[in-house]
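Hello,

Here is the structure I promised to pass on to you. Please have a look at it first, and then read my notes below.

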Amino acid sequence: MSWHTGFRMEPPKYRPVAVVDIGSNSVRLVVYDGLRRSPSPIFNEKILCGLGKGVAVSGKLSEQGMARALAALRRFRALVRQIGVKQTFAVATAAAREAKNGEDFIDAAEKALGCGIDVLTGKEEARYAALGVLAGIPDADGIAGDMGGGSLELIDIKEGKLREGITLPLGPLRLLDMSQGSPEKAREIVDDYFKKAGILQQLKGRTFYAVGGTWRNLARLHMAQSQYPLHVLHCYKLNRPQAAGLADLVAGLSASTLKDVREVSRSRYDTLPFGSLVLQRLLEHGKPRDVEFSVYGVREGLLYSKLPRRKRDSDALLASCWDFARRYARSPEHELELCDWTDQIFGGRELKETEDQKRMRYAACLLADIGWRAHPDYRAERSLGMISQAAFVGIDHPGRVFLALTIFYRYDGDRTDDALSRMISEDDNARAHLLANVFKLAYILSAAMPGMLPRIGLRFSENKSLVLRLPKKLADLNGERVEKRLNWLAAELGRTGKVVID
């Protein structure tokens, strides 16, 4: 039985779900295309209400902040109706749970939004953030840190399981209030909390997974500073010296200076230096090996928790690639057959592969035909852009580039010496070329239609040949182009091509 037995062939159904996140600094609505393993946002709106501003001093949510939040929630209610959302999940975090007038605000907010709102405890918030990290980075091993405006949640992730977690009042908005805007005092406050945070002792030599808009802005800033060729925040990784240098730099900047930095959101001018200070001190106390940024957090973790176990355990990358195939390929069934067809020569003694390489091969097979609707002259570049920039999770940046280049080469693209191609090793680049040539042979045999590849054999023979075996009923498929493609592929493998008809 094939690994993909039971996959549905029809395009994924549009069943939008919404998450409303009422934070200390912002109120956000995100509508996703469905409750699925790898959901894609189809609408995203954030209103900066500053609910948590002043809570550390007065103990109350500001009247102005509440008024703006309620107006945003009424708008969100109208939007989800317009989009056709059937399920809305709403949560509130640090500011609402800690303020004296938090309960009254939540009552009014539920009326404005038209549904119930769960006020998360610090542990629940940490759990959802960590589930979000696991949903987007399934092999995560380290400490996840979700920084909101009012709090910082830290939770240990080990072997796919969540361990201890804590919440600290170290969100940049709150830290700004507690320190009265003094970086020196803020540093003392952060150090006091981190000295008592035993969880940081578990971070040494592991990865810190940074979640939240504050740290995403830092990642964006570093990408621009280093002229990084792939503008995808998810799984962007810095080693500790790089992260420390970035945090040191931004922690020392003023709000007026940040106004001139294009990569920093306008809403972060005041708080980004304090968020950077928290990262700076965390690196000093926890000594992680590196920092990896996750665009998945509380909202995605909440949706992930609603999935049945079977879907949670499915492969996030392959689920996304399968959705692509069902939307864009001429025949999704053909792409599944391509996975099985390539099994004939990969994984054996001649072409050994690891489990991860096999997984990446399957992902490439599912994406192999997504560029067919474009003009022939632009199929390579279109596929390169679609795949390298797609909202895939469960894959790191070199893996993303490997997939993009494989399909780029499959469409005869020729851009072999640029910054993007240098993100992968020479061996991976050679493997991308090899897979591309296998795909080229497959598509001229099958014309991208199902039912053909399962009848065609491709094997290594003992006499150093690569044998393409056609049944007599398909003998007319053979021709100059088939033999040319076979010979190119065979030569790349150090063999000679041979067509056998029986």
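Predicted model: local features only at pLDDT ≥ 70, side-chain atom pairs only at ≥ 80, totals over all residues.

The partner is Phe-293. That pair belongs to the contact between strand E9 (residues 207–211) and strand E11 (residues 290–294), which run in the parallel sense and share 5 bridges. Both strands sit in an open sheet of 6 strands, ordered E8-E7-E6-E9-E11-E10, where the pairing is mixed. Strand E8 (161–168) and strand E10 (237–239) are at the edges with a single partner strand each, so one side of each has no neighbour in the sheet. On average, neighbouring strands here are turned by 20° against each other, direction ignored. Helix H9 (residues 240–251) packs on this sheet and touches E10 and E11; the direction of H9 makes about 95° with that of E10.

The largest cavity holds about 450 Å³ of space. It is lined by 32 residues, and the closest to its centre are Asp-21, Ser-26, Met-147, Gly-148 and Arg-299. By type, this lining divides into 9 nonpolar, 14 polar and 9 charged residues. Several elements supply at least two lining residues each, among them strand E6 (142–147), helix H6 (172–178), H8 and helix H12 (298–306).

The second largest cavity has a volume of about 60 Å³. Its lining includes Ser-24, Gly-52, Glu-98, Gly-150 and Arg-174. Helix H1 (55–58) and helix H3 (94–98) each give at least two residues to that lining, and H3 has the largest share, with 3 residues. Here the division is 4 nonpolar, 3 polar and 2 charged.

Is Thr-214 buried or exposed? Its relative accessibility is 1%, so Thr-214 counts as buried. Beyond its neighbours within four places in sequence, Thr-214 is in contact with Met-147, Pro-172, Arg-268, Leu-272 and Gly-275. Met-147 is also one of the residues closest to the centre of the largest cavity. As for Ser-276, it is 62 residues from Thr-214 in sequence, while the C-alpha to C-alpha separation is 8.2 Å.

Enjoy exploring it, and do write back with any questions.

Best wishes

Terms used: Residues numbered from 1 in each chain as written. Heavy atoms only, no water. Buried < 20%, exposed > 50% of the residue type's maximum accessible area, 1.4 Å probe, protein only. Contact = heavy atoms within 4.5 Å. 1 Å grid on protein atoms, 1.4 Å probe; cavity = no way out; pocket = protein on both sides within 12 Å on 5 of 7 lines; lining within 4 Å. Points joined across faces, edges and corners; volume = space filled by probe spheres on them. Helix = DSSP H or I, 4+ residues; strand = E, 2+ residues; numbered from the N terminus. Nonpolar A, V, L, I, M, F, W, Y, C, P; charged D, E, K, R; others polar. Pairing = 2+ DSSP bridges. Axes fitted to C-alpha atoms, helices over the stretch in contact; angles between N-to-C directions.
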